[in-house]
Amino acid sequence: MALINKNAAQINATIVGNQRVGQYHQLIINIGDLAQVCKPGNFVAISVGGETSGMVLRRAFAISRVSTSTTFGGTMELIVAPHGQGSRWLCAQPEGATLNLVVPLGTAFGIPTEPVQVLLVGGGYGSAPLFGLAEVLNARGCRVDMLLGASTAGKIYAPMEGKRAVNSLRIYTEDGSMGQMGRVTDPIASLIKAMDIAVIYSCGPMAMLSAINAITSKSDVIHQCAVEESMACGIGICMTCVLPVADETGAVSMLRSCIDGPVMDGAYVQWDKVGQPL
Amino acid sequence: MTSVDLSTTIGNAWFPNPIFTASGCASSGRELAQFFPLHDLGGVVTKSVMSKARTGRPTPRMAETPSGMLNSIGLQGPGIDAFIAKDIPYLIEQKARIIVSIAGETIEEYSTLARKLRSVSGISAIEVNISCPNVENRGLVFACDPDASRRVIDGVRRTIGGELPIIAKLSPDVTDLVSIARGVVDAGADALALINTVLGMVINLDTMRPHLGGKTGGLSGPAIRPIAVRAVYQVHEAMPKVPILGMGGITNGRDALEMIAAGASGVSIGTASFSNPMALISTVQELKDLLSTKGFTSLRDAIGFAHRIERAQ
């Protein structure tokens with residue numbers, strides 16, 4: 001059996017950048033050599049609230065990108081939405097502040113061995129890890145197209161430099177305030193027909209992932225999705241972040257989205273059974 | 001600093017130090033082994049195992065609460081056969097000392113589990129979890145019923161014979177904890193594990209419904225530590241010779257010593273590992289340093305110390 005989270009370490013790390021980007025915060029954290037073992041899809045678990053805090057659980061964030069050779073050494077970038085007590089605390093931390101991290105955790109997006117065509121689909125700040133992924137896919141010679149969606153323009157995360165790695169980027173908002181009015185899932189079925197897409201990579205709300213899977217299940221397209229379920233530990237010991245997932249034989253079991261995910265093969269996730277008793 | 005003998009005993013089982021994982025908070029052990037050698041703990045208390053594989057409760061399974069959390073896992077696990085085939089050999093390979101926790105839906109199921117474990121070598125003790133709050137029918141929490149508690153322990157004792165120490169894990173959600181503790185000790189428990197989580201609920205104001213899939217959940221973390229210290233203190237006062245594995249919100253050496261002073265011979269750490277994967281191992285060192293600072297040369301001298309001070313006054 002493979003070691004679980006074999007590259008993970010618990011470290012104290014310094015914030016070297018924190019700036020607002022639309023409704024989100026971009027945090028840059030110096031993680032030294034650990035940046036070399038972080039892969040697109042991996043996440044980090046961060047202690048929040050300081051030593052005397054009543055918030056006892058770590059918060060999990062997708063690593064959006066890593067750089068191994070900045071002036072600070074190895075860094076990772078997180079895109080954080082300050083919508084809860086813990087994430088608000090994190091977004092309020094200044095440059096120079098120290099964070100306690102466990103990183104890198106979880107599964108990574110699988111990278112094709114051949115330079116195939118791929119489609120990246122992101123919802124809200126779920127787009128963040130897709131830009132780091134796009135760079136890796138681009139380097140592999142893949143044609144990378146991207147669809148991003150959100151309820152409104154302020155919730156679209158699409159940094160200028162991130163766009164370099166994609167061949168095309170289309171944006172959808174439900175209120176029409178940016179890009180086309182509609183949902184990010186609207187064009188997927190026709191894109192699958194029009195293009196020779198081998199893999200769809202997705203990251204965003206569970207409802208979006210489920211809607212994408214409903215489309216890919218009628219095709220040969222592989223759907224690699226980064227799932228979201230609330231976690232207490234992030235390292236596989238609390239058993240709270242489970243999802244119903246089938247194995248090759250069709251038997252369904254509750255797998256931990258922290259160590260069997262966050263990146264899972266969408267075809268095996270039992271979307272209609274999420275949140276239901278088995 | 002003076003050197004401190006941290007070793008402890010629970011029934012006839014000897015452990016090099018008093019820090020254990022809490023049942024259900026270390027999964028199979030493999031997950032924490034990335035962060036420290038399991039051998040360095042007093043022992044690993046495994047997740048309560050039942051006869052058959054069990055998928056557990058639907059999500060959401062957790063809610064953070066002030067200085068604590070609610071969980072509603074529902075004893076998800078592989079079942080006793082897979083557990084004996086896969087998890088026990090791994091822990092033995094890691095040279096971990098093993099306390100196997102068992103849970104059943106019926107009195108007979110506990111006996112069946114004990115029978116299967118009787119022939120397994122490498123186990124130091126059995127924890128009989130009669131107090132998991134996350135079962136379908138709250139009436140099945142044996143530890144809330146003095147008679148049912150006794151019958152479960154009696155069944156396990158008869159099956160297992162006199163070899164393996166039995167630790168009965170009790171709930172604080174009872175009117176008279178001491179009388180339940182006395183009952184299970186009379187029925188053959190060698191030691192007690194105090195406390196299981198405290199039953200709680202969070203209502204989600206977006207949905208205006210209970211937040212957890214299982215509606216109720218077990219409260220753990222520092223929020224329940226005073227309840228746990230009280231429970232250990234009361235039971236140790238009534239039965240000073242019965243070893244207690246104390247747990248409930250322990251996060252560091254200071255908390256562990258508080259529990260030991262209340263009467264615990266060993267201390268389990270659960271929720272603290274969720275926030276700090278190194279909590280168990282740093283607690284071992286912190287406890288050692290703290291005992292030394294206070295002039296103790298042996299952990300045993302500190303067990304139940306809070307009671308002795310009271311008598312001296």
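This is a predicted model: local features need pLDDT of at least 70, side-chain atom pairs count only at pLDDT 80 or more; totals for chains, interfaces and linings use all residues.
We can begin with chain A, for which the domain assignment gives domain 1, spanning 9-105, and domain 2, spanning 117-273. Taken over C-alpha atoms, the centres of these two domains are separated by 22 Å. Domain 1 of chain A brings 20 residues to the contact and domain 2 of chain A brings 19 residues. On the domain 1 side, the elements that give two or more residues are the strands β3 (43-46), β4 (59-62), β5 (65-70) and β7 (98-105) of chain A. By class, this side of domain 1 has 14 nonpolar, four polar and two charged residues.

Turning to the two chains, 30 residues of chain A are in contact with 33 residues of chain B. The side of chain A that touches chain B comprises 17 nonpolar, ten polar and three charged residues.

Within chain B, eight strands form an open sheet with parallel pairing, in the order β3-β16-β15-β10-β9-β8-β7-β4. Its edge strands, each pairing on one side only, are β3 (19-21) and β4 (44-45) of chain B. Inside this order, β10 (residues 191-194) and β15 (residues 244-247) of chain B run parallel and are joined by three bridges; B:A193 has B:L245 in β15(B) as its bridge partner.

Two helices of chain B lie across strands of this sheet. Helix α6 (residues 225-238) of chain B lies across β10 and β15 of chain B and runs at about 165 degrees to β15(B). Helix α7 (residues 253-262) of chain B lies across β3, β15 and β16 (266-269) of chain B, at about 140 degrees to β16(B).

Note on methods: Residues are numbered from 1 along each chain as its sequence is written. Chains are lettered from A and ligands numbered from 1 in the order in which they are written. Two residues are in contact if their C-beta atoms, placed from the backbone, lie within 7 Å. Ala, Val, Leu, Ile, Met, Phe, Trp, Tyr, Cys and Pro count as nonpolar, Asp, Glu, Lys and Arg as charged, and the others, Gly among them, as polar. Domain bounds come from an automatic or database domain assignment. Helices (H or I, at least four residues) and strands (E, at least two) are DSSP runs, numbered from the N terminus. Two strands pair if DSSP finds at least two bridges between them. Axes are lines fitted to C-alpha atoms, for helices over the stretch in contact, and angles run from 0 to 180 degrees between N-to-C directions.
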